[in-house]
Amino acid sequence: MTGIRLRRNLTTLSFLAPALIGITVFFLYPLISAVYFSFTKFDLLSVPRWVGLDNYRRMVDDPFLLQSVRNTLWMVVVFVPVRIIGAISLSMLLTNLKRGAGFFRTVFYLPALVPPVAATIAFVYLLKPGTGPVNVFLGHLGIEGPLWFNSPVWAKPSLVLLGLWAIGDLMVIFLAAVLGVPESLYEAASLDGANAWHRFRYVTMPTIQPVILFAAVTGVIYTLQYFDQAAVAGSIASGQASTGGGVSSSFGFPEGSTFTYPLWLYTVGFRYNALGYANALAVVLFVVALAVTVILLRRAKAFSGEES
Amino acid sequence: MTALLEAPPVVRKATQNRVRRENRLAWIAKHSIAIVLVIMFATPVIYLVLLSLMTSNQALTSDYWPNTWHPENYLRVFQVTPLPRYLLNTVVYAGLATVFTLASSIPAAYALAKLKFRGSNVLFLTVICVMMLPPQVVTVPLYLMWARYGLTGSLWPLIIPTLFGDAFCIFLLRQFLLTIPSEYLDAARVDGCGEWRTLLRVVLPMARPGIAAAGLFQFFFSWNDYYGPLLYTSENERAWTLSLGLASFHSVHHVDWNLVTAATVLAMAPLIVIFFFAQRAFVQGITLTGVKG
């Protein structure tokens, strides 16, 4: 009897072995290292030296950290809700179209496939202050377009526009959710005299609420690691040195307005080689990301996909 | 509704006409919005393509229509940059990462979805935590680890970990495998199949759509990845991927916007072609990542 159980356990283990090794070596080990390193001071050439809480104290008066936290918070507060509202609106529109829904869906989805670097380059050109087509078009309407990626005020909204353009993934998730709302609920609401807005507000919204929570949490996590678009936009808009070779001095252009938390972490670690401090920043990022994840796991049981 | 049925025929007809007219107005309004949105979504790509076909002088102006057409820009991109090398690196990275991820993640996903074992809940929660972890958190320790083995400056630090499962892929496949009725597996077991044979002979063929979706996601992720290659290969241009080459291409050829945009179009074209062949797998895969209402 024990022999059979042992064999079964060994089989299960053989299924899980690669993943268990992966989680240990590429998740647990570096995570524990990061916590340890966050109490040390070292660079690529030196040995870690214990400095206690120095790295965490350093955070208190780090003007760049403050700036990057502000920018990342701005993105969390604006970028995430705007994308969710955009995705819900698009999916509502698609479910209400009687003709050509498949065509529209494909067109709305496609930009999500464009590599972030390529999409960012496209948007910097599109939104070029002088000769970009958007400002030329606005000029025809008699509106003087903003400087977009070259303006400290408009650079982050430009990134939001870029995020809205690449909204396809989120749209498909909401589309599935909206299509999953039972037709009978709508019929019942109609019989009670509900108009389109009421049906959306009191039938659609409550039913897709778990999906909204899911999208909010994954959106916040995504925003916490927002790197590619901010780095490339700063580099291309500034017309400065490459983002490919080494670390660019154009991070955060213009005037640090696109300088996100991950950009600062990267700069500290791989440009200043202050690896201890970079790990302290990483630990803070981990705590925040974990807190957000826990909200998701506790609130949305459906997310874990349990059959019960 | 009931009021409508009780009304005298003439009134009913008038009301129906009104309803129909309103419906038609709503129809026109919705489709107009949709068409405006299509223009907005398509413009960036169309503009890029047009720009890539101009002379470099015209690309500096505010024109949007090429005076003369220059498809040879696409050939020049290959001449003035190591694009073939970037492309090769990207294909190797994305290709190996996809194959490795699937091979290592499918068994784990199967165990999580269909086998009962102690600690399966804890393991699944861990997988979700790994999935949610911003890559920047573990960047420095991992970089130091790969530096110790002398593998920085290559794409191997990004490829090797895919041999050991990917959290998102495991999650996605588990969600998919849960939808396969366990009766099929039980039947195979009654016929004397071991768990591995059940997985290979029964589950794999049934899970093809889910596997396709997971593979596509991994492929696209690796193809588009910028942070990873920037971190590990920025000092060694021979190992650069398309994303990295594209981001720095601009700084070298920043006056030749026609060439920059041609390279950009070349980087996105393969993905769009793949999408049209695998649209269904995609949509199904994305739907699985969300919650079932």
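Analyst: Chain A has 14 helices and two strands. The model is predicted.

User: What share of the residues in chain A is buried?

Analyst: A residue counts as buried if 20 or more other C-beta atoms lie within 10 Å of its own. Chain A has 308 residues, and its C-alpha atoms fill a box of roughly 80 × 70 × 30 Å along the principal axes. The buried share of chain A is 44%.

User: Which helix of chain A has the highest mean pLDDT among the elements of that chain?

Analyst: Over chain A the mean pLDDT is 88, and 94% of the residues reach 70 or more. Among the elements of chain A, the lowest mean, 88, belongs to helix α12 (residues 228–238) of chain A. The highest, 96, belongs to helix α7 (residues 155–165) of chain A.

User: Where in chain A does pLDDT stay under 50, with 27 contacts beyond four places in sequence in the model?

Analyst: Residues 302–308 of chain A stay under 50 and have twelve such contacts. Where pLDDT is low, the predicted coordinates should not be read in detail. The stretch with 27 contacts is residues 241–247 of chain A.

User: Which element gives the largest share of the side of chain B that touches chain A?

Analyst: In all, 83 residues of chain B are in contact with 87 residues of chain A. The largest share of the chain B side is 13 residues. They come from helix α2 (residues 9–52) of chain B.

User: How many charged residues are on the side of chain B that touches chain A?

Analyst: By class, that side of chain B has 56 nonpolar and 23 polar residues. The number of charged residues there is four.

User: How many residues does domain 2 of chain B bring to its contact with domain 1 of chain B?

Analyst: Chain B is assigned domain 1 (2–52) and domain 2 (79–289). Their centres, taken over C-alpha atoms, are separated by 41 Å. Domain 1 of chain B gives four residues to the contact, and domain 2 of chain B gives six.

User: Why does Phe78(B) count as partly exposed?

Analyst: Phe78(B) lies in helix α3 (residues 73–80) of chain B. Leaving aside neighbours within four places in sequence, Phe78(B) is in contact with Leu83(B) and Pro84(B). A residue is buried at 20 or more C-beta neighbours within 10 Å and exposed at 12 or fewer. Phe78(B) counts as partly exposed because its number of C-beta neighbours inside 10 Å is 14.

Technical notes
Residues are numbered from 1 along each chain as its sequence is written. Chains are lettered from A and ligands numbered from 1 in the order in which they are written. This is a predicted model: local features need pLDDT of at least 70, side-chain atom pairs count only at pLDDT 80 or more; totals for chains, interfaces and linings use all residues. Two residues are in contact if their C-beta atoms, placed from the backbone, lie within 7 Å. Helices (H or I, at least four residues) and strands (E, at least two) are DSSP runs, numbered from the N terminus. Ala, Val, Leu, Ile, Met, Phe, Trp, Tyr, Cys and Pro count as nonpolar, Asp, Glu, Lys and Arg as charged, and the others, Gly among them, as polar. Domain bounds come from an automatic or database domain assignment. pLDDT is the predictor's confidence in each residue, from 0 to 100.
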